[in-house]
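User: I'm new to this one. Can you show me the structure and walk me through it?

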Amino acid sequence: MQVADNMAVSIHYTLTNDEGEVIDSSAGGEPLVYLHGGGNIISGLEQALHGKAVGDKFNVRIDAENAYGEFMDDRVQVISRAMFEGIDEIEVGMQFHADVSDGPGIVTVVNVDGDEVTIDGNHPLAGMALTFDVEVLEVRPGTREELAHGHIHGAGCEH
């Protein structure tokens with residue numbers, strides 16, 4: 001059975017940057033399970049997986065545009081500390097849910113200077129090419145319920 005739209009796909013992966021540093025990995029843990037064609041993973045990886053089968057192992061480098069997008073300078077803003085009502089201590093690296101230019105998203109505090117807080121609405125991996133080492137573990141048709149909901153159902157799913 002090959003990876004195609006509406007298939008539940010299970011993979012192990014190791015994600016590295018261009019310097020070879022490991023950013024994330026499922027090795028030694030639970031595999032990533034997703035619904036192919038549902039936009040549940042970055043488009044470049046989904047394209048690379050299309051047509052693969054159980055047991056396939058491959059390495060793919062995905063440019064920023066097909067990963068988390070290019071870095072957008074307009075998503076970095078300096079705002080007043082007063083915008084963080086009810087939060088006593090604001091530190092670099094903290095993340096908050098906020099409305100960003102394309103809807104709800106997450107912003108990261110990248111600098112604190114007195115009453116000025118610099119936030120970044122880009123994904124932390126925006127602007128980066130990413131390399132994935134992948135092994136396809138399982139491919140099965142998505143269930144009717146998974147297809148209707150647009151994602152795989154498993155442990156912790158609230159449906």
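Predicted model: local features only at pLDDT ≥ 70, side-chain atom pairs only at ≥ 80, totals over all residues.

Analyst: Here is a quick tour, from the overall layout down to single residues.

User: How many helices and strands does the chain have?

Analyst: There are 2 helices and 9 strands. Both are DSSP runs, numbered from the N terminus: helices are H or I with at least four residues, strands are E with at least two. The pattern along the sequence is β-β-β-α-β-β-β-β-β-β-α.

User: And what does the C-alpha trace span along its principal axes?

Analyst: About 60 × 40 × 30 Å.

User: What share of the chain is buried?

Analyst: Of the 159 residues, 35% are buried. Buried means under 20% relative accessible area, exposed means over 50%, and partly exposed is in between (1.4 Å probe, protein chains only). The accessible surface of the chain is about 9,600 Å², with 47% of that belonging to carbon and sulfur atoms. Those areas come from the Shrake-Rupley method with a 1.4 Å probe, and for residues only the protein chains shown count as cover.

User: What about charges? How many positive and negative side chains?

Analyst: The chain carries 7 positive and 29 negative side chains. The centres of the two sets lie 10 Å apart. Lys and Arg count as positive, Asp and Glu as negative, and His and the chain ends are not counted. Each charge is placed at NZ of Lys, CZ of Arg, CG of Asp or CD of Glu.

User: How many salt bridges does a search find?

Analyst: It finds 2 in the whole structure. A salt bridge here is a side-chain nitrogen of Lys or Arg within 4 Å of a carboxyl oxygen of Asp or Glu. One joins D18 and R61, at 2.7 Å from N to O. That pair links distant parts of the chain, 43 residues apart. D18 sits in the loop between β1 (7–16) and β2 (22–25), and R61 is in strand β4 (residues 57–62). D18 is partly exposed, at 46% relative accessible area.

User: And which residue pairs with E146?

Analyst: R140 does, with the closest N and O atoms 3.0 Å apart. E146 is buried at 3% relative accessibility, whereas R140 is partly exposed at 26%.

User: Let's go inside. Which residues touch the most other members of the largest nonpolar core?

Analyst: I11, L45, L49, F132 and V134, out of 22 residues in that core. β1, α1 (43–49), β4 and β9 (130–141) each supply at least two of its residues. Apart from it lies another core of 9 residues, including F84, V107, V117 and I119. A nonpolar core is a set of buried Ala, Val, Leu, Ile, Met, Phe, Trp, Tyr and Cys residues joined through side-chain atoms within 4.5 Å.

User: Which residues is L49 in contact with?

Analyst: Leaving aside neighbours within four places in sequence, L49 contacts V3, I11, Y34, H36, I41, F58, V134 and V136. Contact means heavy atoms within 4.5 Å.

User: Where is S10, and what does S10 touch?

Analyst: S10 is in strand β1. It is buried, at 7% relative accessibility. Not counting residues up to four places away in sequence, S10 touches P31, L32, V33, E135, V136, L137 and E138.

User: Is T131 buried or exposed?

Analyst: T131 is buried, with a relative accessible area of 13%. Its place is in strand β9. Beyond its neighbours within four places in sequence, T131 contacts T14, L15, T16, N59, V60 and R61.

User: New topic. Is H97 buried or exposed?

Analyst: H97 is exposed, at 73% relative accessibility. It lies in strand β6 (residues 95–100). Leaving aside neighbours within four places in sequence, H97 contacts G105 and I106. G105 is in strand β7 (residues 103–113).

User: Last one. What is the phi of N6?

Analyst: It is positive, about 70 degrees, although N6 is not a glycine. Most residues other than glycine have a negative phi. N6 lies in the segment before β1 and is partly exposed, at 44% relative accessible area.

Definitions and conventions: Residues numbered from 1 in each chain as written. Heavy atoms only, no water.
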